[in-house]
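Trainee: I am new to this structure and would like to go through a few parts of it. Could we begin with how the helices pack?
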Amino acid sequence: MTKYYWLKLLGSIVLLTLLPLCWIVAELRSEGDRSVPAENGIVNLHDRDMTTSGAVRLNGEWLLYPGLPLTEADFSKADKSPLRQGVAVNVPDVWNGLPGLESGLGTATYRLRVRLPDDASGIYGIRTTNIRMASRIYVNGEEVGGSGRPGLDREGTLPGNTPNVGFFKLQGSEADIVIQVANYSYASGGIVYPIWFGTQEAIVSSRELGLFEYWLTAGGFLIPALFLLLFFRLRRREAPLLQLGGFCVCSLLFVLTHGEKAALALLQALNYESVLRVQLISSAFVYYFLARYIVQLYPKFGVRLLDRLVLIISCIITFAGLALPTAQFSRFEVLLLVCSLLSIAYVLYVLIRAVMTRRENTLALTASIQSVLIILLVYLLNGFGYLENQAILPFTIVVFSAAQAYQIVSRFAHLLGHAERMSERLLQHDEWKDEFMLSTSYEIREPLRSIANLAAAAEQQEAGGGGSERLTMITGIARRLSYLVDDMIDFSLLKSGEAEYKRRVVLLPPVVRSVLELYPPQALPGWEVEVLSPNPPPLLADERRVGQIIHSLVAYALQHAGGAAVRLAIQAEEDRVALIIAAPGIGSALSTEREEPEFYRADESATESAERVRLSVTRRLIELGGGEWRARGLENEEDEALSISWPIASSEAIAAAASASEASGRTLPAFDGDYREELAASAAPEAPGGSGSVLIVDDDRLGSQVMRQLLGEERLAIKTVASAEEGLSLLKEAGPFDLVIVDLVLPGMSGLELVRRIREHAAISELPVLLLSEGRLPDETLAGFRAGANDILVKPYETSELRARVGTLLELRSSVRRLVRTETAFLQAQIKPHFLFNAINTIMAVCRLNPPQAEALLLELSRYLRASFDFGNLEQRVPLHNELELVRSYLAIESARFDDRLRVEIEVGSGEWIPVPPLSIQPLVENAVRHGIMRKPEGGKVRILIEPAASGWRVTVEDDGVGISADRLSEIVESTGDSGGVGLTNISRRLRLMYGEQLHIESWPGEGTRVSFNIPRESGA
């Protein structure tokens, strides 16, 4: 699931973020492809076919006349002295900073002459999208459009910056375009977006496409807003729906007051300055509602300070939009951009943390947020005049709506499923409650009547011995009543799966006797108890449950015996002990229990119903303890018989019971004859074997000794310590263990901290850890797995469970070792093609010049290949001379190839009989040659040193090559891997598994690299 989760997340990022970003970058770069640059107020389209090329942007140098609202007539006058003030300015751009327009407020005239082909006569159009804040457009002296009313001052100017399309009939081959612009209500003015020029068809097509994108975007926010707010009205507890609905409403308001500014057309009484104020306030709350939505979905990751900061910023912007003139608050565009980026960063922070935890529906939420961020980015770039084309918006809106719909449907489907399951469970519990109350009434009624009657009789007979006998009968009936009440409670617990069953060592004969004492002698005219097997072995069962079972079956047998003899027999059967009850009619217990499990049916009496319920409880209690019941008969007898059997207690359980009894000062029940001797023999410690080594870290010395005895039969070498510090010291000094068993509660350093310290040096597959927990807190298990434990064992535990878990973890350790050895041999057999090709080419070249040398190289290559294909490398260790032979063969081939560029020095300070892991030196030498020496033009030297060390031997491979940068070195140390061939990962893993050692890598850029590892003496001896 983890792999698919991250693959889906990566796919959503590529599809919803990277591709739109690539489109935006491409669109920004292609702005000039659809424009013809103008120079000094003239653009030349003489060589352009306007009927096929479509609309073009009139970008470039226009002539600007500050302070003058001029027309074509002014340019035709003989006296053109005012026109000397014209300056060349870039369009599109704001005019802030130009002479006479330094503050951005003022009036000016733009002029551009478009030269067309000679046969260009026809109907043409001009399309504008953003001219701040009022404009009039003239072509060849004819007014063709505009927005608002430009004037010479604030009072004479009516702002109305809306997109405009105008058409005119062109006579001739030149169009003289004059645009009067006035701005007294915004911080920046001028022609902000390009002016489009083209044939009527081209302009109409681009205009219709822009309107379609605009209304699709508006509808994309309107529909989710209505849906979410109506949904919230029906389910007010879903606070995130309100926040997301608020985001959609504010986004819709921003769209309606931006671009086409449809708000002006929908509300005729709305002036343009009000539109600007709504645009500012809605943009602020877009970020606020987005942040609140994410935080309410994942409150665990929210930051209270940032929540308040986003709210304060939104309130400040709202106040500025209401109180300040539009020309004033629009000067803080950069500050607004910073606040927007801060809110987006906060949203991304919360989202990334949620994604890392892989919460439910996180992928759908990620898709929504990515689409929202692309929408905000497009509007930011559009607002600052960098991006005019918003064709990506419909796609992102569709993604946003689909993701939100999926998330909401998925969430409520989950809630509906949970509600259905809860409803079914409540109905079932209601049925169980009715059944329990009914059965309890039937079962308790008769015993209570008996107690009342006997008490009345004892009260009437004050003299004689009958009173004492009747009081004994009352005591027995009261005990029977307690058993019946227990049956009713257990029936409910068994139905709900919450019944307890505490296994311990139990002797069956004493339990049978304790049950029979509940029945007075008068009730047992033909009672016989027979032990068919001498010294029956003890059971592994719950003593109280066994008593309940026997009581229920005895009561059933007495009721159906009709005064005939009822016989009980105890018999040992292989790995079980059976209780056999023989009486007339006892066999009907099996058929009665299998009937339809209703508490009270119309065709049966209350007694029959209560009897069937009791048998149902009995059967379930038998199965809960691993027991069996079946019909059978005694030898030479005709009576029906019922056999109930339980598993025999193992010697380990008996030993554990003996240890617990000694610790608590109590004594075990007296086992007759051989069983007392068997108990003593089982409690005696057994010498550990050699099939594995286990370290037990537990401050409860009695518990650790009991565990040691229970695991002794597995022939394990076991060591016990009482503290985490001792455990860490033993792990470092005594070498690697195959398994560490750690108690959760330890003095000083806790068990969890010990597990974390172990995981700093050993991976979860290299050294398994079994954590012992009391199981009292629900978070103990999760905390243990997070710390690095392989498995959790809850105390008190069963011997079979302990052995199974220990066996599984030891098998995991053994499997990892086998896997590493197999991987080593497999990877060694994977000869790199380029090495083989280079070796053959080198030998071919040497053949012509030096045949004896070529023969020697072929011999070295054959040795190298023979060692590579030798699957004897499954052995854990090989003699050092074998590994050096592979190294020498490799270096001989590379030396012939690189000649004097490769120098080799091998120093062996001990005999070559030292056992080393196979394929542990040659890959280090190959890395030194390929990545160190050969990257220097002049080459270098590789030095191999094997020398005695304090605790064994030290193997070092160093070179004077190019070295490794600090960043790359840290990556290698963290991963200890190589992407090709036999990598450092395999070597490091084998060193940790075999010796508890790691590779030591040192490097100095430009000077060389040293890689070394230690081989402990006891491991190699």
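Trainee: In which hand of crossing does α7 pass α10, left-handed or right-handed?

Mentor: Please keep in mind that this is a predicted model. In it, α7 passes α10 in a left-handed crossing.

Trainee: At roughly what angle do the axes of α7 and α10 cross?

Mentor: The axes of α7, residues 272-297, and α10, residues 333-356, cross at roughly 15° and come within 9 Å. An angle under 35 degrees counts as roughly parallel, so α7 is roughly parallel to α10.

Trainee: Which residues of α7 meet α10?

Mentor: On the α7 side they are Leu280, Tyr287, Leu290, Ala291, Ile294 and Val295. Their partners in α10 include Leu336, Ser340, Ser343, Ile344 and Tyr346. By class, the contact of α7 with α10 has twelve nonpolar residues, two polar ones and no charged ones.

Trainee: Moving on to α23, which of its residues are buried?

Mentor: Helix α23 covers residues 780-787, and its buried residues are Glu780, Gly784 and Ala787.

Trainee: Why do those buried residues line one face of α23?

Mentor: Seen down the axis of α23, they fall within an arc of 65°, so they line one face of the helix. In general, an α-helix has 3.6 residues a turn, so residues three or four places apart point the same way.

Trainee: What do the buried residues of α23 pack against?

Mentor: They pack against α22 (751-759), β24 (769-773) and β25 (791-794). Just after α23, Gly788 takes a positive phi of about 125°.

Trainee: Which residues have a positive phi although they are not glycine?

Mentor: Asn140 is one of them, with a phi of about 55°, and Lys261 is another, at about 50°. Asn140 lies in the loop between β8 and β9 (142-147), while Lys261 lies in the loop between α5 (239-256) and α6 (262-266).

Trainee: Is Lys261 buried or exposed?

Mentor: Lys261 counts as buried, because its relative accessibility is 6% and the cut-off for buried is under 20%. Asn140 is partly exposed, with a relative accessible area of 37%.

Trainee: Finally, where are cis peptide bonds found?

Mentor: One runs from Val91 to Pro92, with omega near 5°, and another joins Arg132 and Met133, with omega about -10°. Pro92 lies in the loop between β4 (87-91) and β5 (106-115). Met133 lies in the loop between β7 (131-132) and β8 (134-139).

Definitions and conventions. Residues are numbered from 1 along each chain as its sequence is written. This is a predicted model: local features need pLDDT of at least 70, side-chain atom pairs count only at pLDDT 80 or more; totals for chains, interfaces and linings use all residues. Side-chain values use heavy atoms; hydrogens and water are left out. Buried means under 20% relative accessible area, exposed over 50%, partly exposed in between (1.4 Å probe, protein chains only). Helices (H or I, at least four residues) and strands (E, at least two) are DSSP runs, numbered from the N terminus. The arc is that of the directions from the helix axis to the C-beta atoms. Contact means heavy atoms within 4.5 Å. Axes are lines fitted to C-alpha atoms, for helices over the stretch in contact, and angles run from 0 to 180 degrees between N-to-C directions. Angles under 35 degrees count as roughly parallel, over 145 as roughly antiparallel, 65 to 115 as roughly perpendicular and the rest as oblique. A crossing is left-handed if the near helix is turned anticlockwise from the far one by less than a right angle, and right-handed if clockwise. Ala, Val, Leu, Ile, Met, Phe, Trp, Tyr, Cys and Pro count as nonpolar, Asp, Glu, Lys and Arg as charged, and the others, Gly among them, as polar.
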